[in-house]
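This report describes selected local features of one protein chain.

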Amino acid sequence: MRGEYKVPGGKLVAVDVEVADGMITRAFVHGDFFLEPDEALEDINAALAGLPDTTNADGLARAIEAALPDGVEMIGFTPTSVGIAVRRALGKATGWADHTFDLIGPVTLQPAMHVALDEVLTREVAAGTRPPTLRFWDWDSPLVVMGSFQSYRNEIDPEGAARHGIGVVRRISGGGAMFMEPGNCITYSLHAPTSLVEGLSFEQSYAFLDDWVMTALADVGIQARYVPLNDIASEKGKIAGAAQKRFAAGAVLHHVTMAYDIDADKMLEVLRIGREKMSDKGTKSANKRVDPMRSQTGLPRDEIIRRFMASFAATHDVREASYTDAELDAARALMDSKFLTDAWTHRVP
């Protein structure tokens with residue numbers, strides 16, 4: 001059995017594995033990485049032989065680390081990346097090529113509906129009733145979407161929000177607040193089985209799941225890079241922030257918001273934490289921190305989204321899809337019972 005894993009920003013790791021009676025009997029690691037001294041490859045192969053085929057990626061990595069003598073240099077790959085390749089060979093982990101993704105273009109809904117759909121669709125992926133899905137948001141009214149663990153009192157200026165008619169909803173993932181007015185940012189959600197991020201830490205999975213969008217950004221003329229933990233930036237500054245939620249049932253939600261053309265002055269009247277972030281940089285205007293996509297691409301927002309979808313479709317197996325009536329009904333019910341309630345919105349005062 002053969003498995004491969006491309007390290008984000010690194011090299012390809014491949015492994016051929018033979019299994020008998022629930023044990024790895026032979027393993028052959030190869031790829032375009034660098035390893036010094038080269039004899040260490042034999043140590044890596046030997047470390048894998050004799051392990052149960054149920055060993056997770058961390059366990060495989062620990063076995064490799066224990067087998068390697070001092071002074072070995074692994075360049076462009078790590079013991080964990082070998083472990084992930086082994087898990088893929090054994091069918092315990094998956095790669096992008098193992099899935100056909102539903103691709104859903106922008107559908108204009110209440111912004112809180114998209115927050116609810118994040119939960120509904122991810123649970124469906126976990127249950128196996130929906131394939132992995134990449135979807136783009138569009139919304140009809142302004143909203144601040146808070147991170148799951150943020151303090152409402154510390155984050156939101158209620159007078160500013162009321163003055164500008166901007167609602168507040170708390171999402172299920174962590175991270176910072178998103179200031180969202182129609183047309184001012186680009187947001188997408190990726191709903192995938194946890195097998196896609198098998199063996200990856202949260203930090204590693206951010207880079208892995210954002211890798212496709214680096215190519216998409218290059219397609220619209222932006223050379224971007226991943227900035228740990230959850231940012232995407234170009235040479236001109238931050239472009240986007242990501243957030244993630246893993247479901248114990250077996251799925252991961254990964255969503256990203258990119259600034260397109262934010263009214264920074266209005267944002268600072270609504271978000272208290274935005275003012276604090278500006279103050280520690282000696283910056284009076286958020287325009288010096290937020291880096292809109294429009295200024296770097298010169299493209300309309302709809303065209304950027306179209307190119308993003310085309311870029312994903314060019315490198316992944318996809319099918320065009322839409323939301324089902326049942327999914328929309330479930331999202332409306334969840335929106336009313338959870339996401340629009342004070343109990344949820346103010347659960348962290």
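Aspartate 329 is partly exposed, with a relative accessible area of 46%. Here buried means under 20% relative accessible area, exposed means over 50%, and partly exposed lies in between (1.4 Å probe, protein chains only). Salt bridges that share partners join Asp102, Glu124, Arg130, Arg319 and Glu327 into one network. A salt bridge is a side-chain nitrogen of Lys or Arg within 4 Å of a carboxyl oxygen of Asp or Glu.

Aspartate 329 also has a salt-bridge partner, arginine 332, with the closest N and O atoms 3.0 Å apart. Both residues lie in helix 12 (residues 325–339), three residues apart, about one turn of the helix. Arginine 332 counts as partly exposed at 39% relative accessibility. Helices (H or I, at least four residues) and strands (E, at least two) are DSSP runs, numbered from the N terminus.

## Basis of the model

This is a predicted model, in which local features need pLDDT of at least 70 and side-chain atom pairs count only at pLDDT 80 or more, while totals for chains, interfaces and linings use all residues. Residues are numbered from 1 along each chain as its sequence is written, and side-chain values use heavy atoms, with hydrogens and water left out.

Glutamate 198 lies in the loop between strand 11 (185–193) and helix 7 (202–219) and arginine 87 lies in helix 3 (residues 79–89), so the pair ties together parts that are 111 residues apart in sequence. Glutamate 198 counts as buried at 18% relative accessibility, and arginine 87 is buried with a relative accessible area of 10%.

Aspartate 261 and arginine 294 form another salt bridge, with the closest N and O atoms 2.9 Å apart. This pair links distant parts of the chain, 33 residues apart: aspartate 261 is in the loop between strand 15 (251–259) and helix 8 (264–270), and arginine 294 is in helix 10 (residues 293–297). Aspartate 261 counts as partly exposed at 33% relative accessibility. Arginine 294 counts as partly exposed too, at 43%.

Strand 1 (residues 2–6) and strand 2 pair in the antiparallel sense over five bridges. Two strands pair if DSSP finds at least two bridges between them. Tyrosine 5 has valine 13 in strand 2 as its bridge partner. The hairpin of strand 1 and strand 2 has five residues between the strands, and glycine 9 in this hairpin takes a positive phi near 75 degrees.

Strand 2 (residues 12–20) also pairs with strand 3 (residues 23–31), in the antiparallel sense and over eight bridges. Within strand 3, arginine 26 is the bridge partner of glutamate 18, and alanine 27 stands opposite valine 17. These two strands form a hairpin with two residues between them.

## Backbone exceptions

Most residues other than glycine have a negative phi, and most peptide bonds are trans. Aspartate 21 is not a glycine, yet has a positive phi of about 55 degrees. Its place is in the loop between strand 2 and strand 3. Aspartate 21 is exposed, with a relative accessible area of 81%.

Where are the cis peptide bonds described here? The bond from glutamate 36 to proline 37 is cis, with omega near -10 degrees, and proline 37 is in the loop between strand 4 and helix 1. A cis bond also joins proline 228 and leucine 229, where omega is about 0 degrees. Leucine 229 lies in the loop between strand 12 (225–227) and strand 13 (231–234).

## A negative surface patch

Glu36, Asp38, Glu39, Glu42 and Glu73 gather in a patch of negative charge on the surface. For such a patch, residues must have over 30% relative accessible area and no salt bridge, and like charges are joined within 9 Å. One of the members, aspartate 38, is found in the loop between strand 4 (34–36) and helix 1 (40–48). Aspartate 38 counts as exposed at 55% relative accessibility.

Key:
Patch = residues over 30% accessible without salt bridge, like charges linked within 9 Å, V, L, I, M, F, W, Y side chains within 5 Å. Areas by Shrake-Rupley, 256 points an atom, 1.4 Å probe, with all protein chains shown as cover. Lys, Arg positive; Asp, Glu negative; His and termini not counted. Charge placed at Lys NZ, Arg CZ, Asp CG, Glu CD.
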